[in-house]
Amino acid sequence: MKNSALLLFAAILFSNTINAQLKTVKYTDGNQALNGLFIKAAKKSTNNPGILLLPAWLGIDNASKGIAENLSKLGYHVFIADIYGEGNYPKNTAEAGKQAGYFKTNFTEYQKRINVALQELIKSGANPDNIVAIGYCFGGTGVLEAARGHLNLKGVASFHGGLGRDAARAVETITTKVLVCHGADDLFVSKEEITAFQQEMRDSKADWQMIYYANSVHSFTNPEAGNDNSKGAAYNEVAAKRAFEHLQLFLKEILKK
């Protein structure tokens with residue numbers, strides 16, 4: 001009897017380990033072929049909470065994969081979106097800047113590409129009414145566009161993301177809850193951009209919060225960003241851990257487990 005129980009426990013443990021792996025999902029936006037990654041929640045839930053993850057400007061990277069795996073262990077289905085698609089993956093930062101710049105300028109196309117990924121997360125098992133989008137750098141800009149575009153999300157969380165928007169765009173009501181985690185010394189986001197963003201949040205009547213992290217610059221959550229703040233982008237272990245804790249609080253507040 002005892003051996004049978006041990007075998008059953010081992011089988012369940014092995015099954016959970018197998019299920020909790022990143023798997024490639026091929027999908028399309030019109031004629032554009034895309035390759036996202038999905039990881040199932042390690043724990044089953046009747047509410048099937050989902051997280052759509054938008055990676056930084058170089059595309060799906062080790063940092064986004066690691067975050068997805070950690071969130072899976074906490075009980076969330078996670079889909080890492082492919083924004084650029086086959087034939088458009090940047091080989092360096094110059095190409096990344098050009099690709100990201102296109103979507104930032106053509107924000108409706110960015111919103112559409114994000115929504116296509118959102119539908120794949122739902123197809124993979126997430127509850128369509130129980131999803132949060134999180135993004136890093138360029139992806140942080142993306143989740144704010146998702147909120148502005150009224151995608152069906154309970155909340156969005158932006159980490160060292162761009163906050164700017166064309167001042168000529170009309171400010172509309174934002175019903176999605178917004179969390180912004182920002183490096184206090186991030187030189188890529190101007191004071192004017194921050195001020196304009198905060199005013200936009202007030203004017204849109206959003207439920208928003210913005211948290212600053214000391215001694216942190218751009219990419220502070222990415223372990224592969226180095227540790228030299230003078231370069232403008234660097235990892236800060238303390239800030240990264242605090243930001244992840246703040247994300248968990250945000251998720252617990254608005255998603256049903």
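Modeller: The account below moves from the chain as a whole to the helix packing, and then to individual residues in the loops.

The model is predicted: local features are reported only where pLDDT is at least 70, side-chain atom pairs count only at pLDDT 80 or more, and totals for chains, interfaces and linings use all residues. Residues are numbered from 1 along each chain as its sequence is written, and side-chain values rest on heavy atoms, with hydrogens and water left out.

The average pLDDT of the protein chain (the predictor's confidence in each residue, from 0 to 100) is 93, and 92% of the residues score at least 70. Residues 1-19 have a pLDDT below 50, and beyond near neighbours in sequence this stretch has two contacts in the model. Where pLDDT is low, the predicted coordinates should not be read in detail.

In secondary structure the protein chain has seven helices and eight strands. The C-alpha trace spans about 70 × 40 × 40 Å along its principal axes. The radius of gyration is 18 Å, close to the 18 Å that the globule rule gives for 257 residues, so the chain is as compact as a globular protein of that length. That radius is taken over C-alpha atoms, and the rule is 2.2 Å times the number of residues to the power 0.38. Of the 257 residues, 48% count as buried; buried means under 20% relative accessible area, exposed over 50%, and partly exposed in between, with a 1.4 Å probe and protein chains only. Among contacts (heavy atoms within 4.5 Å) between residues at least 6 apart in sequence, 66% join residues at least 24 apart.

The requested part can be followed through helix H4, residues 107-123. Helix H3 (residues 93-105) packs with H4 at an angle of about 100°, their axes being 4 Å apart. H3 is therefore roughly perpendicular to H4. Axes here are lines fitted to C-alpha atoms, for helices over the stretch in contact, and angles run from 0 to 180 degrees between N-to-C directions. Angles of 65 to 115 degrees count as roughly perpendicular, under 35 as roughly parallel, over 145 as roughly antiparallel, and the rest as oblique. On the H3 side the contact involves Tyr 102, Phe 103, Lys 104 and Thr 105, which meet Phe 107, Glu 109, Tyr 110 and Arg 113 of H4. By class, that contact has four nonpolar, one polar and three charged residues. Here Ala, Val, Leu, Ile, Met, Phe, Trp, Tyr, Cys and Pro count as nonpolar, Asp, Glu, Lys and Arg as charged, and the others, Gly among them, as polar.

Helix H5 (residues 138-148) also packs with H4: the two axes come within 9 Å and cross at roughly 90°. H4 is thus roughly perpendicular to H5. From H4, Phe 107, Tyr 110, Gln 111 and Ile 114 meet Phe 138, Gly 139, Thr 141, Gly 142, Glu 145, Ala 146 and Arg 148 of H5. This contact has five nonpolar, four polar and two charged residues.

Gly 142, in helix H5, counts as buried because its relative accessibility is 0%. Not counting residues up to four places away in sequence, Gly 142 touches Leu 54, Tyr 110 and Ile 114. Gly 142 and Gly 162 lie 20 residues apart along the chain, and their C-alpha atoms are separated by 8.6 Å.

Cys 137 lies in the loop between strand S5 (131-136) and H5. Its phi is near 55°, a positive value in a residue other than glycine, and at 10% relative accessibility Cys 137 counts as buried. Ser 219 has a positive phi of about 65° although it is not a glycine. Ser 219 sits in the loop between strand S8 (208-213) and helix H7 (237-254), and counts as buried at 11% relative accessibility.

In the loop between strand S2 (32-39) and strand S3 (50-54), Asn 48 is partly exposed, with a relative accessible area of 26%. Leaving aside neighbours within four places in sequence, Asn 48 is in contact with His 77, Gly 125, Ala 126, Asn 127 and Asn 130. Asn 47, in the loop between S2 and S3, counts as partly exposed at 23% relative accessibility. Residues up to four places away in sequence aside, Asn 47 touches Asn 127, Asn 130, Lys 256 and Lys 257.

Conventions
Helices (H or I, at least four residues) and strands (E, at least two) are DSSP runs, numbered from the N terminus.
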